[in-house]
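User: Please take me through this model by question and answer, with the cut-offs behind each term.

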Protein chains: 2
Amino acid sequence: MTRLFNSGESLRPTKDEYLDSISVDCVVLSFNEGVLQVLLNKLKKSSKWMLPGGFVRMDENVDAAAQRVIQVRTGLSDVFIKQFHLFGECNRFDQEDNKNIIDSLGMTDEMAKWYLRRFVTMGYYALVEYSQIDLFVHSDEEEIDWFPLNKLPYLYGDHRDIIDIANNSIRMQLGYLPIGYQMLPEKFTMPELRMLYEAFLGKELDRRNFQRKILSVGYVKKLKEKRKVGPHKSPFLYVFDKTKYQDIEKNGMYLIPDTAIL
Amino acid sequence: MTRLFNSGESLRPTKDEYLDSISVDCVVLSFNEGVLQVLLNKLKKSSKWMLPGGFVRMDENVDAAAQRVIQVRTGLSDVFIKQFHLFGECNRFDQEDNKNIIDSLGMTDEMAKWYLRRFVTMGYYALVEYSQIDLFVHSDEEEIDWFPLNKLPYLYGDHRDIIDIANNSIRMQLGYLPIGYQMLPEKFTMPELRMLYEAFLGKELDRRNFQRKILSVGYVKKLKEKRKVGPHKSPFLYVFDKTKYQDIEKNGMYLIPDTAIL
């Protein structure tokens, strides 16, 4: 369901409100039916989908700009976000792409001139729980949707690269940072957690080794409760131990004995 | 030894050359006599030391700006650098600090106005080999030196935070990325590599466990050669296996069996 969100945001920025040269782009990821999904929006008049992104207000921290961009699209505040890369190349855009946007939005000449200047963009990834999210557009000139990460539509500018590099960053971090707290429901099964890792890694993991290793790190707790998923299938449910999870998030997994090289 | 470097760089930027709003700051780290050292420079007229930093030219990638800033100070090109955090807060600076710099440099009013606007800065860390580096100033109004990370002088703006966050980023990565190739001489002893890890971690590591784990990852090779360091002390020398080192750098250490949770 897509709704209109009355955030006071305008699709047509006025340049004196925003910092020059720097923007934010957010790779918002969720996990649904075993597949990683990324949030994209599009101007109805344009053929290319875009990452939720925007400019940084004069009196706004850059991280706060990323949160605002995500809130406008999902209704959620204080989402889990992380900087992963500054895209600082000179020629990030096909200027045709930008001119199409300018035409679609009917920007003033002054605004168009500002819009066509060079911008570097800070890439953030955000991890959210699929079922918790409603989708919002902030004008009926826009559409928004989830797309499976392995079946992306035609994308604007360097947004395909931005998505790929976000995923690579997360993949690199899977060995030393926990994942799942923001993306899974409160109670989950071990196969669900494994499938999340498999989706990020793009490969199957050994069921028993995975369970043994995850439990040895100590941030996942087994409940007595089971979930009935079939006549002879009732897997146990698990929850994250929030204190341990946050401790590992802060210090890295290698500080846990026997899990890594240090 | 400090030398003047004729790079054509000026201490007094002219605003039309550079992107608005974004700068780079570089935490250049080396390892000497068991201690991590950070490179700092200072205007002679100022009381505060600064990280090597600068603005981004209109036609320059942001990563290239960081390389340029480092080359001007060290004479080295293509140094190992890595983005670690965008410092995007609104009030990063004490404006008194900035006014002192403006006075010290005798900036024009127009330039001073630009300089006092809000800048966010991309933090890079660079890892270099101490013995390979000469230090350069690009004007005799400046000085430059190495400082032990645990004995930093009075620092400008948020540069103390930038250094702390760089170190924290490296510490987090020690469990999944290799380190040492850029900071140690080609041939090194196992205690030298261990001391480098200990310096980043700020704690002692068990000598035998460290050696066993490092060798199990496979990117460090033992030579037949020894180094004579005392009458009864001739430790073996080691080198990095560059191919394996780069492979781990790209894929993370957790892909090596039995070293981490995956």
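Analyst: Buried means under 20% relative accessible area, exposed over 50% and partly exposed in between, with a 1.4 Å probe and protein chains only. Helices (H or I, at least four residues) and strands (E, at least two) are DSSP runs, numbered from the N terminus. This is a predicted model, in which local features need pLDDT of at least 70 and side-chain atom pairs count only at pLDDT 80 or more, whereas totals for chains, interfaces and linings use all residues. Residues are numbered from 1 along each chain as its sequence is written, chains are lettered from A and ligands numbered from 1 in the order in which they are written, and side-chain values use heavy atoms, with hydrogens and water left out.

User: Which residues of helix H2 (residues 95-105) of chain B are buried?

Analyst: The term is applied here to the helix that spans residues 95-105 of chain B. Its buried residues are Asp97(B), Asn98(B), Ile101(B), Ile102(B), Ser104(B) and Leu105(B).

User: Within what arc do the buried residues of H2(B) fall, seen down its axis?

Analyst: An α-helix has 3.6 residues a turn, so residues three or four places apart point the same way. The arc is that of the directions from the helix axis to the C-beta atoms. The buried residues of H2(B) line one face of the helix, because they fall within an arc of 165 degrees.

User: What do the elements covering the buried residues of H2(B) include?

Analyst: Cover is judged by contact, which means heavy atoms within 4.5 Å. For the buried residues of H2(B), what covers them includes strand S3 (35-43) and helix H3 (109-115) of chain B.

User: Which residue just after H2(B) takes a positive phi?

Analyst: The phi in question is about 60 degrees, just after H2(B). The residue that takes this positive value is Gly106(B).

User: Is Ile81(B) buried or exposed, and what is its relative accessible area?

Analyst: Ile81(B) is found in strand S5 (residues 80-87) of chain B, and beyond residues up to four places away in sequence it touches several others, including Asp63(B), Ile70(B) and Tyr124(B). Ala126(B) is 45 residues from Ile81(B) in sequence, yet their C-alpha atoms are 4.3 Å apart. Ile81(B) is buried, because its relative accessible area is 19%.

User: How are the rings of Phe84(A) and Tyr125(A) arranged as an aromatic pair?

Analyst: Rings of Phe, Tyr and Trp (its six-membered ring) pair if their centres lie within 6.5 Å, and planes under 30 degrees apart count as stacked, over 60 as edge-to-face and the rest as tilted. The structure holds 34 aromatic pairs over all chains. Phe84(A) and Tyr125(A) are 6.2 Å apart centre to centre, with 35 degrees between the planes, and the pair is tilted.

User: How many residues apart are Phe84(A) and Tyr125(A)?

Analyst: Both Phe84(A) and Tyr125(A) are buried. The pair links distant parts of the chain, with Phe84(A) in strand S5 (residues 80-87) and Tyr125(A) in strand S6 (residues 120-127) of chain A, and they are 41 residues apart.

User: Which residue of chain B forms a salt bridge with Arg117(A)?

Analyst: A salt bridge is a side-chain nitrogen of Lys or Arg within 4 Å of a carboxyl oxygen of Asp or Glu, and across the interface of chain B and chain A the rule finds two. In the one formed by Arg117(A), the closest N and O atoms are 3.3 Å apart, and the partner is Asp20(B).
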